[in-house]
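Here is a briefing on one protein structure. Please look over the model first, then read the points below.

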Amino acid sequence: MGGRDTGFRHWLARRWQEIRAGRSDVRDDSVTDDIGVVRRQYLESEQRFRVLLESLPKVAVQGYDRDRRVIYWNEASTRLYGYAAEEARGQLLEELIIPAPMREAVIQAHRAWLREGVEISAEELELQHKSGELVPVFSHHVMLGEHTDDPLMFCVDVDLSGQKRADRQLDFATRFDSLTHLPNRRTFEAQLDEVIADCRRQDTGVVLVYLDIDHFVDINDTLGYEQGDRLLVELTRRLYLATRSSDLMSRLSSDEFAIAFPGFKREDVLSQLVYKVQQVLRAPFLVNGSRRQVTACLGVSLYPDNGNTARELIRNADVAKNRAKLDGRGSVWFFDQQLHDELLHQHRLVDRLEQAMDSEELSLHYQPQVSAVSGRIENLEALLRWQPAEGPSISPAEFIPLAERSDLIHRLGDWVMEAACRQRSLWQDASLDIARIDINFSGRQMSRRDVFQRFEDCLARYGLGPRHIGLELTENVLIEADNRVLEGLHRLHHLGFRIAIDDFGTGYSSLSYLKHFPVTALKIDRTFVRDAPEQPKDRAIMEAAIFIGHRLGLEVVAEGVENREQLTLIREMRCDLVQGFYFFRPMPAPELERVLGGLSTGYQGGSC
């Protein structure tokens with residue numbers, strides 16, 4: 001390091017001049033020793049300094065003279081900035097690694113340190129690589145011999161590239177979806193709020209479409225998450241092609257997306273925008289080597305009609321999407337306040353239903369199934385009723401679908417099983433002449449893995465068996481049943497349990513299901529019974545169902561018989577059992593006991 005030798009020579013010259021001047025406190029014979037000791041200490045210090053610099057392989061150190069020319073350049077500096085030591089030596093600092101916009105400021109800062117003693121503070125900088133790319137570093141500066149004629153400035157630079165890269169990755173992970181690279185919900189909300197502010201100034205609107213892929217979980221479960229991810233990436237690509245650069249998109253959750261179209265008004269192109277999103281799904285997707293048709297339910301909200309903030313628009317579009325899902329695959333629903341009020345009412349009703357199970361507001365009513373020929377009571381169907389402590393009763397048609405859309409249906413199903421088995425056991429202990437109580441099971445209940453075990457355990461607690469309790473399922477439950485459900489039903493069938501298809505003819509009927517599923521009875525839906533006397537097609541369907549049921553060895557029940565004309569027709573068709581208001585309405589257990597005891601007439605009108 002030539003600069004340090006020069007400094008030493010200056011010190012030695014000054015020391016010699018002091019001796020020549022005859023300083024009384026200095027002896028000639030001590031000068032030589034003094035000089036030798038100092039020089040040896042200096043060389044040892046310099047060697048330790050060099051060793052220190054070279055022992056920092058990840059810290060770039062450069063030394064500059066008073067003119068900012070390179071006098072030292074370690075290996076780490078070569079790796080950081082791309083210049084070999086021989087390339088860098090003698091080059092000006094500002095021309096070597098300082099970006100053009102910073103050069104004058106660096107020169108002035110160096111001069112201020114030399115002339116005024118104003119140190120250059122340590123800070124994060126972006127310096128320039130030999131390739132021209134910027135390199136993030138934390139730079140610290142040390143000035144040696146600043147009060148001499150040959151001051152040296154050493155720059156100690158720590159490479160921040162890895163840290164900055166990690167910071168960028170972390171920032172991306174907190175703001176974007178890692179699979180589709182779309183903004184996540186939080187980022188989307190911030191972007192949408194900015195767009196809404198612009199539209200407010202321009203007096204235009206925003207159309208927000210909330211997209212929920214139908215049954216996406218089935219794709220993941222059957223084909224694997226990798227195939228599901230590929231579908232999501234392809235959907236994202238299609239959405240990009242179908243939207244403008246000013247439109248916003250987000251992946252809100254695993255199978256939910258949001259697309260915002262700013263600059264529109266409701267009367268402008270609302271239907272075209274919704275149609276554009278639907279067209280994205282029109283072409284099949286290539287999944288696991290085969291073409292698969294994918295649908296999605298859409299919910300739509302509008303600014304300013306349905307909210308003034310991003311959060312309000314997203315929430316209301318989500319509400320509309322949830323309503324669309326009730327209508328089935330590929331449905332679209334537009335948000336309005338009435339819909340919001342309806343869903344709020346349903347939410348509160350679910351809360352009340354959960355409380356009702358603990359406050360004895362629920363009860364079972366029993367509707368007899370009678371012989372079409374003799375009118376004798378053969379079986380009973382257990383029907384759930386809700387009478388709140390205050391106010392009118394609430395129809396099962398209102399609260400059971402709400403329970404099915406939540407996990408509450410499992411608790412409700414357990415309650416019904418327990419109540420029916422307890423009542424059947426009481427009647428058995430009282431020696432009442434009652435055959436079997438049939439319990440309804442929903443598709444959601446059947447999705448519970450231990451549903452059959454819970455059913456059998458409940459019967460066992462009350463000492464009941466196939467003669468006492470039966471099952472009723474809608475045909476859609478059977479059609480959508482997986483192997484676990486079918487195996488459970490086959491087991492119950494072999495044990496002798498009655499398994500009836502309820503509301504037969506209203507679902508996706510297929511005669512092949514009657515052949516393959518463990519069914520013992522058909523219950524013809526009340527709509528066919530109601531219209532059969534006047535509608536030849538309904539009469540033909542009902543007659544065919546009875547004929548096929550009998551040929552397959554199944555018991556056939558006609559539901560909803562309300563007058564003699566319907567009963568006469570049913571008898572002509574040789575239907576086995578009849579259920580309806582013409583004979584009995586659903587009634588609580590004490591009233592049924594009076595009927596069975598002959599204290600009440602067997603022919604009653606009325607309504608639920």
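Arg238 lies over the face of Phe285, 3.7 Å from the ring centre. The model is predicted.

**Nonpolar cores**

- The largest nonpolar core has 80 residues. Tyr366, Leu412, Phe441, Phe455 and Met542 have the most contacts inside it.
- Helix 15, residues 408–429, gives the most to this core, with nine residues.
- Beyond four places in sequence, Leu412 is in contact with Leu353, Met357, Leu362, Leu384, Phe399 and Ala403.

**Aromatic pairs**

- The count of aromatic pairs comes to nine.
- One of these joins Tyr72 and Phe154, with ring centres 6.5 Å apart. Their planes are at 50°, so the pair is tilted: edge-to-face would need over 60 degrees, stacked under 30.
- Tyr72 lies in strand 2 (residues 70–73) and Phe154 in strand 5, so the pair ties together parts that are 82 residues apart in sequence.
- Tyr72 and Phe154 are both buried.
- The rings of Tyr582 and Phe583 have their centres 5.3 Å apart. Their planes are at 90°, so this pair is edge-to-face.
- Tyr582 and Phe583 are both buried.
- Trp73, Tyr81 and Tyr83 form a cluster linked by ring pairs.

**Helix 6**

- Helix 6 covers residues 103–116, which makes 14 residues. At 1.5 Å a residue it should span 20 Å, and its end C-alpha atoms are 20 Å apart, so the two values agree.
- Which residues of helix 6 are buried? They are Val106, Ile107, His110, Ala112 and Trp113.
- The cover over these buried residues includes helix 5 (93–96), strand 4 (134–144) and strand 5 (152–159).
- Strand 5 also holds Phe154, the partner of Tyr72.
- Gly117 follows helix 6, and its phi is positive, near 75°.

**Leu182 in its loop**

- Leu182 is found in the loop between helix 7 (161–175) and helix 8 (185–202).
- Leaving aside neighbours within four places in sequence, Leu182 is in contact with Phe176, Asp177, Thr236, Tyr240, Met249, Ser250, Arg251 and Phe257.
- Phe257 is 75 residues from Leu182 along the chain, and their C-alpha atoms are separated by 9.4 Å.

**Cysteines**

- How many disulfides does a search of the whole structure find? The search finds zero.
- A disulfide is a covalent bond between the sulfur atoms of two cysteines.
- Cys155 has 5% relative accessibility, so it counts as buried.
- Cys297 has a relative accessible area of 1%, so it is buried too.

Notes. Residues are numbered from 1 along each chain as its sequence is written. This is a predicted model: local features need pLDDT of at least 70, side-chain atom pairs count only at pLDDT 80 or more; totals for chains, interfaces and linings use all residues. Side-chain values use heavy atoms; hydrogens and water are left out. Helices (H or I, at least four residues) and strands (E, at least two) are DSSP runs, numbered from the N terminus. Contact means heavy atoms within 4.5 Å. A disulfide is a pair of cysteine sulfur atoms within 2.5 Å. Buried means under 20% relative accessible area, exposed over 50%, partly exposed in between (1.4 Å probe, protein chains only). A nonpolar core is a set of buried Ala, Val, Leu, Ile, Met, Phe, Trp, Tyr and Cys residues joined through side-chain atoms within 4.5 Å. The expected span of a helix is 1.5 Å times one less than its number of residues. Rings of Phe, Tyr and Trp (its six-membered ring) pair if their centres lie within 6.5 Å; planes under 30 degrees apart count as stacked, over 60 as edge-to-face and the rest as tilted. A charge sits over a ring if NZ of Lys or CZ of Arg is within 6 Å of the ring centre and within 35 degrees of the ring normal.
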